[in-house]
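Welcome, and please load the model in your viewer.

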Amino acid sequence: MTIKTRAIGAPISRLDGPEKVRGVARYAYEHPVTDPTYLYAIQSEVARGRITKVDTTKAEAQPGVVAVMTYKNAPRLASTEDAEFAILQSPEINFRGEFIGGVIATTFEAARYAASLVEVTCEEADHDADFRAGRDDLYAPDKLNAGFETDTDRGDVDAGLAEAAYVVDETYVTPREHNNPMEPHATTAVWTDEGVTLYESTQGVFWAQSAVAPLFDLDPEQVRVISPHVGGGFGSKGLPHANVVLATMAAKMVAGRPVKFTLTRQQMFAVAGYRTPTIQNLRLGADAEGKLTAVVQNVVEQTSRIKEFAEQTGTAARMMYASENIRTTHRLAALDVAVPSWMRAPGEAPGMFALESAMDELAGKVGMDPVEFRIRNEPEADPETGLPFSSRGLVECLREGARLFGWERRSPEPGTQREGEWLVGYGVASSVYPVYVMPGSVARITATPDGKFDVAIGAADIGTGTWTTLTQIAADALDTDFEDVTVEIGDSSLPKGSGAGGSSGITSWGSTIVAAAGKLREELEGEHGGIIPESGLEVSAKMPRNPHRKDYAMYAFGSQFAEVHVNEYTGELRVPRLTGTFACGRIVNAKTARSQFLGGMTFGLSMALHEESNLDPRFGHVMNHDLAEYHVPVNADIGELDVAWIDEEDPYVNEMGTKGIGEIGIVGTAAAIANAVYNATGKRVRELPIKPDKLL
């Protein structure tokens, strides 16, 4: 079927769908290589200390064992500046679960069994894994993730709170959470005299390349990273972790034989990143008319002693609602724990849980409907920068979401609606996510005389539909049929592409492809009379600079509505309905977009009710480190999910008018559910996840 895509937005099914359904789409561990070996990692069982003895004799004697790596014989790294990557370089142990060795064998089973025979003796040192707000060693980082300022203070917050007729002063807590994509972190590494090839499960082939090359004193071109299909990432496969370093080390050690390495589910809880726990104090003030007089968000979060990661938890409060007085702070507790990292909507997801819960509490004190309270505090311009918004569809999302959800059926009095023994409540929260772009991408388009086009860019498809949406964008920009375009992505031998992070992929890659398509059409018309020459035509273009970036505040917005049922006898909590309405610029593909919004909302429900990594500070160990005890929702936990978006034209964000959609779906969902729980029961839960014991 020929599909004309001049009107981007068509609900085209994923091009990679049939391959995945048939099981022929190759993931990192599945790429065929000749005579592979298998790596199994050895991890520290103490939270801090020093290895005093390693005995590998029994392991080396096992059938099939090729080599055993420890700090004594592992390849030396050219740089140990990044302590997360500096594995097997010394006997020092920095956190429980850190890689301290690995066994390479001819089968996975042989490697795993031999690893259990390696005897490691350690001298334990005192460690500190106690995360709490009252510590006397909290400090302010220089910068937050994504380059945000650590603290901001605008206006006179103290005066704003003093003059407020109503004040909320509460603390909200979010737990440590782990990303847990379906495909575990995996690598197939092949080391040769020319360099190393990594079939890697990554959100960015060039991110992996730039991390590995300097560690092994290689030029970037000597590290080829191939990643056509990725089974989810949710941020954990964005910033590279030590697993790719260990795999590359092993491949160098047995140069000439490929090495396959995958983390077990339990290992992923130690070395592949996680969302930092947060403790957030919110102080909001409002006058008698319901106008905010002050917004304060003070955040305490966790980082690792060996490498700092400071999540931008309080940044949404700086721009979300109108107030002349806004203060945000971030303080870190540096502990002997694994390094936290990106997890879907880092910053906004936990930060907006606190802000939107506090907004709900303040609306109750003012005596105003929570939807109208948010609309009452709609800013005319960005409160943080003073810039106009390129577009801001929050009010429309709130009103349309309320209509679709049936908000008028909500009782303003908590605990007054029921269905039998189930208490019924409705809740609302706002969603927001910045419009990020990652510069540096290059796209190459090759036109052939038969009217076909090959588009090449080192982008990534982590299950979001990139193969399909980039084909749509290219077909639209080239004014051709969808079936006449072939897209190549997921390989560092292609023109450079940014990674899939910060919901920036389509904006960054798509803008680059549009620029290349414009250059191709210009050359065709100007030099070839509109006819593709027999030899074909090839052009390349960089991502264009957006002249409006400094003139407008650019964000996507949305609203989340939740219905919850709480059993009055058991405290069991169900969410039969969620409604999300979004303003995210131009939607490229209605089918994949809906899938992204649904996935984000499901992620938010999981955050609200299920996810929690329990760390025992005595041992620095995440106790529920598997999917039997780390709970995520299954089909029975998910009720009716209703997704809608408003038609939003934004000529300033980029030439396509698109905004990222991968992460905004999770933002605000947990708060909407928590607010619905209060409406159902009259009990305010300020610590996630919400479990029956917190309601009884």
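Start by selecting Pro184, which is partly exposed, with a relative accessible area of 24% (buried is under 20%, exposed over 50%, partly exposed in between, with a 1.4 Å probe and protein chains only). Pro184 sits in the loop between β8 (166–174) and β9 (186–192); strands (E, at least two residues) and helices (H or I, at least four) are DSSP runs numbered from the N terminus.

A word on the ground rules: this is a predicted model, where local features need pLDDT of at least 70 and side-chain atom pairs count only at pLDDT 80 or more, while totals for chains, interfaces and linings use all residues. Residues are numbered from 1 along each chain as its sequence is written, and side-chain values use heavy atoms, without hydrogens and water.

Which residues beyond four places in sequence is Pro184 in contact with? Show Ser201, Lys237, Thr262, Leu263 and Met268, taking contact as heavy atoms within 4.5 Å.

Next, colour the open sheet of 3 strands, ordered β4-β2-β6 with antiparallel pairing (a pair needs at least two DSSP bridges). β4 (92–93) and β6 (119–124) are at the edges with a single partner strand each, so one side of each has no neighbour in the sheet. Strand β2 (residues 49–55) is joined to β6 by 6 bridges; pick Ile51 and you will find its bridge partner, Cys122, in β6.
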